[in-house]
Amino acid sequence: MLELEHISFDVQDEKGQKEIIRDISLTIPAGRFVAITGPNGGGKSTLAKLIAGIEQPTAGRILFNGEDITHRSITERAHKGISYAFQQPVRFKGIQVLDLLRIAAGKDRPLSIADACAYLSEVGLCAKDYVNREVNASLSGGELKRIEIATVLARGQKLSVFDEPEAGIDLWSFQNLISVFEKMYAKSQGSIVIISHQERILQLADDIMILQDGGIRAYGPKEEIFPTLNSINMVSHACMTNERGTC
């Protein structure tokens, strides 16, 4: 279970102190799929980074399974069961996909080639074509996204956080991502948090949170929140961008 108690996050800019996240309190029970959406600039990615430990809150506490992790690093949180998938996955020149999956699995869970291939297959990639590929610019955005999700599966975390997994990929890759998340949630015993504007991803969730101007505008079961989203046009229904940024 993840608990945020009165979390705030401020930054200093040329105009002085700027509040990005404002007094957020919420609970995400174990085994829930939560989608976070809302207008651009509302603080969604910042909130995800605060959960993952990439940023530290200015005020408030973060508890994970009853333990205060407010000032724990991203590495410490990973060891405790929290994973984070970037909006734009990092490329690693000189590192093969197999190496990346083994790093994700950790030293205490040696990963065989067969295991690595199984994780790649789960995200819709032909294992023999990817297991020895270098994680570099030769991979497309959609391929990188699926490889990153495979590393999350290999890690087997209690809480998986994804920041706009649909960003920068084409429609074909998006359809595959939907299938991956459906399977992931069906098999996972942990919680999933996804930041997204896409209706099809939001429809997978148990609960939806609308984050606006750094605060929670609404949070509750999908059936209650979704009509609100449609009324204020906060979701994208069909248009997916490709890697050139066009529909």
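I count a salt bridge when a side-chain nitrogen of Lys or Arg lies within 4 Å of a carboxyl oxygen of Asp or Glu. The structure holds 7 salt bridges.

The model is predicted, so local features need pLDDT of at least 70 and side-chain atom pairs pLDDT 80 or more, while totals for chains, interfaces and linings use all residues. Residues are numbered from 1 along each chain as its sequence is written, and side-chain values use heavy atoms, without hydrogens and water.

I looked up one pair. Glu 5 bridges to Arg 61, with the closest N and O atoms 3.1 Å apart. Glu 5 sits in strand β1 (residues 2-13) and Arg 61 in strand β4 (residues 59-64), 56 residues apart. Strands are DSSP runs of E, at least two residues; helices are runs of H or I, at least four, and both are numbered from the N terminus.

Next, a helix pair. α3 and α4 (residues 113-122) pack at about 95°, their axes 10 Å apart. Axes are lines fitted to C-alpha atoms over the stretch in contact, and angles run from 0 to 180 degrees between N-to-C directions. α3 and α4 are therefore roughly perpendicular (65 to 115 degrees). Contact means heavy atoms within 4.5 Å. From α3 I note Val 97, Leu 98, Leu 101 and Arg 102; from α4, Ile 113, Ala 116 and Leu 120.

Last, the largest pocket. I define a pocket on a 1 Å grid over the protein atoms alone, as an open set of points where a 1.4 Å probe fits, with protein on both sides within 12 Å along at least five of seven lines; lining residues have an atom within 4 Å of a point. Of its 26 lining residues, Ala 78, Tyr 84, Ile 103, Ala 104 and Thr 151 are the closest to the centre. α6 gives the most to the lining, 6 residues.

Key: Parallel < 35°, antiparallel > 145°, perpendicular 65-115°, else oblique.
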